Amino acid sequence: MHELLAKQLAEATRASGDIDLATLTRLVSNAYDEADRKQRGKGSASARAGTTGLPASADRELLVAEVKTQNLRFETAVENMTQGLCMFDGEKKLIICNRHWLDLFGLPAALGKPGTSFRMIMEARLANGHYPGRTIDELLAERESIHKERKAKTFEQRLRDGRVVQTYHQPMADGGWVATFEDVTDRLRAEASFRLLFDSNPVPMWVYDRGTLRFLAINDAALAHYGYSREQFLSMTLLDIRPAEDRERALQYVRSVSETYVTDRAWRHYKADGSEIYVLAYGRALTHEGRDAVLCAVVDVTERRRAVYELRTQNMRFEAAIENMTQGLAMFDGERRLIVCNRRYAEVYSLPPELVRPGTTHRQILEHRVAAGAYSGPDPAAYIQSRIVNADEAKPSTKLLEFPDGRAVVVSHQPMPGGGWVSTHEDITERRRAEARIEHMARHDALTDLPNRVLLREELEQHLGRVRRSEPLAVLCLDLDHFKAVNDSLGHPLGDALLQAAASRIRTCVGDADTVARLGGDEFAILQVAAEQPNSATGLAQRLVQALGQPFDLSGHQVVIGTSVGIALAPFDGNDPDQLLKNADMGLYRAKADGRGTFRFFEPEMDAKMKVRRALEVDLRKALGNGEFELFYQPIVNLEHNQLSGFEALLRWHHPQRGLVSPAEFIPLAEEIGLIIPIGEWALRKACTDAKLWPDPIMVAVNLSPVQFKSKNLVSTVISALASSGLPPKRLEVEITETVLIQDNDTTLAVLHQLRDLGVRISMDDFGTGYSSLSYLRRFPFDKIKIDRSFIRDLARRDDSRSIVRAVTGLGSSLGMVTTAEGVETDEQLRLLRAEGCTQVQGFLFSPPKPLREIAELIEKFRGPARAVA
Ligand code: C2E
Ligand code: CA
Ligand code: CA
């Protein structure tokens, strides 16, 4: 045996845990053969050995001696092997053995001497009780058959004490053999328990070939978890259960797995049903049935991952929610250190990035807040102290902090169970401003910025409380005369400008303690606080009438309006806001009725009148339906031929309680509440129907209210009344007052022309009562002028009345218009009218208005001699 072999053996021995018996045995066998060949090469004993190639026995002894002497290291190696070793020659005589082999079978050292026969050794083993129930012959026969096969062979034998020895038998060229023995009891036990652990482990496990990646073993848990059958699993490689893109990483992992460390990684795997799972794989290299393999245990973390993922998205949502809050939010721990805060928090206090980091102390932030001016109270140090105390108190609280820069922040403090707190910080500066604006708007008029009715009532309420302690006050209501006409003709922008200009003039008239309010439209009210009443109110009202009577200049337009004022005094005229305003309004109503441009104090009987008026209104609304109206007719006489020209229809109201109510009383009311439209239509239809019964050409004159001209269907109503009665249009006359022309617009004139075009005649009634009557006459070609009763009454006494009558009759004859004198009561009046050339007369002198049933008789009377009319 030479040096090299000894070295190999020595190494093999050292690593005997790793080297298998076959290799070991082969090494020894080779070493023997080598040595044998060398021996023969010296041409000594080998020649005598004949054709068998086996060394002669003398040579063998020599060889053993040579080995012993020449290579002590080899001997040492053999002695120190963990395996047992023995070598027999072709004659079944021991060549060498080691101590371990002797020990395995409990053989005495004497039997370990070279030359001991195999039979002796087997007998000793039998004698030691290793093969119970067997005979030496049986054993030898059995061994003989193994030798005869002349093939390497591994077999196990169970020894007396139950331990298992694995034997590797290697025949040699000379008919001898080398055998090595290993006590595998522990290893088998370990393998069995490993197998048990693997198979019945609840954790899915498998073993795969590190080269081919093919699965070699699968435990039941893995089958159950993945859903593949064992056959399917064993036909797959590791890559088959992973997504393709993981291939490279998987290969790298497989290479990195070592025998000494468990390597873990997270992977995506596919189950048999195609679903994807996330696993942690714990791998460790090992030898499996002689193959380089990897044992792998997998833990399914799909659920855990999902939970973590959900937690993370949940966190992200929380973060987004917190970041997007309009309030600032900060959370501090029990050590008063910032845990987290949002962007808004930093903005509210202008915190720099280094102060919003977790760990920043509450005090640091407070100090910064103070430096940035975001503190409340006079003393910054006291502020810091108060916030710290507040934080320490561990009580929920909400505080409004007002900063020196005018900002206001609402801070809500909420302690947390384990110490520390969460606080929210809402900058309400803008909100407060907006609220103040809204508050202002709710109590002020947008156009003039004057207080509105709401604020006026509040102020009144407040002052009335003091009035009781005898501090008198006055409420003045005013509206602008003719405002509507200006607004309609000049347009709303100028109307607005006029209201603003009027508002500022009103303000110049009042004192500092007074309140000017706009109630809406062109209505204003003033609360005057002054000790001297009613003198102060009178003075103020005069100033207002004077100031608002001055012309206004509106972008080049000269506008004259004027105002009417009503005044109520507290506490005499009332002691609650509504009553005072209502009474002042009644004064205003009176002032307007008395010709505008003036003021009136409220008087208790105004209230009584208003009450009567309201009662009348209620009754009037029912009158038409109840058939309480009747038409009376008053004759109109033509002076030229002393003939009956026609009748004027005059409304009568038979009030169920009050009896006959004068049209002078109810027509203005009917006009005010719009009832004049249906009443007027009724009168028109009734007059036409009645007149149709009278002989042609006797006419009927119907009074039309200005309000009827505002309604769109006046013309169609007239047409319908004529059509349904069958009265020829030329027998119908309508009387209008100049008010119709004051509300002048093109539609009024158009309506008049349409009526004229039908053949209806148009009269100007009450002529002379207005102040610019003559000019109206030029705007429309009237058929008739009716001179107002007031001129006729004074005809005999006043020259100016007479000259007016003369002027009108002159104008009438020159323009081709009939002139009618109203209210003729005396022969004297008639004589004078005749002398002035008046065309027609009407009055008690001939007849008062009479009901329809008396008209036939009247007509008959007028057919008689001429004196009947004079
Ligand atoms: P008016 O149109 O000026 O009518 C003439 C008024 O003078 C009538 O009063 C009539 O009765 C009265 N009268 C006639 N002759 C004399 C007289 O010799 N002496 C005196 N002192 N008075 C005389 P009445 O019927 O009370 O009507 C008053 C006003 O009511 C009418 O004035 C008219 O403006 C209005 N009115 C009457 N009926 C109607 C109607 O159907 N429609 C409209 N819109 N107004 C009507
Ligand atoms: Ca009339
Ligand atoms: Ca009249």
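Analyst: Ligand 1 is surrounded by 19 residues, and the closest include Gln634, Arg652 and Phe844. Do keep in mind that this is a predicted model. By type, the shell around ligand 1 holds seven nonpolar, five polar and seven charged residues. Strand β24 supplies the largest share, four residues.

Now for the polar contacts. A backbone N or O atom of phenylalanine 844 sits 2.8 Å from an oxygen atom of ligand 1. Aspartate 765 brings a polar side-chain atom to 3.1 Å from a ligand oxygen, and for glutamate 648 the distance from a side-chain N or O atom to an oxygen of ligand 1 is 3.2 Å. The protein covers 82% of the 790 Å² of accessible area that ligand 1 has on its own. Elements giving two or more residues to this shell are β24 (643–655), α24 (663–672) and β28.

Aspartate 765 also leads us to the metals: this residue bridges the calcium ion (ligand 3) and the calcium ion (ligand 2), which lie 3.8 Å apart. Aspartate 766 lies in strand β28 (residues 761–767) and glutamate 822 in the loop between β30 (818–821) and α33 (827–835), so the pair ties together parts 56 residues apart in sequence. As for accessibility, aspartate 766 is partly exposed at 26% relative accessible area, whereas glutamate 822, at 11%, counts as buried.

Definitions and conventions. Residues numbered from 1 in each chain as written. Chains lettered and ligands numbered in written order. Predicted model: local features only at pLDDT ≥ 70, side-chain atom pairs only at ≥ 80, totals over all residues. Heavy atoms only, no water. Donors = N, O, S within 2.8 Å, 3.2 Å for Na, K, Ca; no water. Buried < 20%, exposed > 50% of the residue type's maximum accessible area, 1.4 Å probe, protein only. Near = heavy atom within 4 Å. Polar contact = N/O pair within 3.5 Å; in protein donor to acceptor, adjacent residues only side chain to side chain. Areas by Shrake-Rupley, 256 points an atom, 1.4 Å probe, with all protein chains shown as cover. Nonpolar A, V, L, I, M, F, W, Y, C, P; charged D, E, K, R; others polar.
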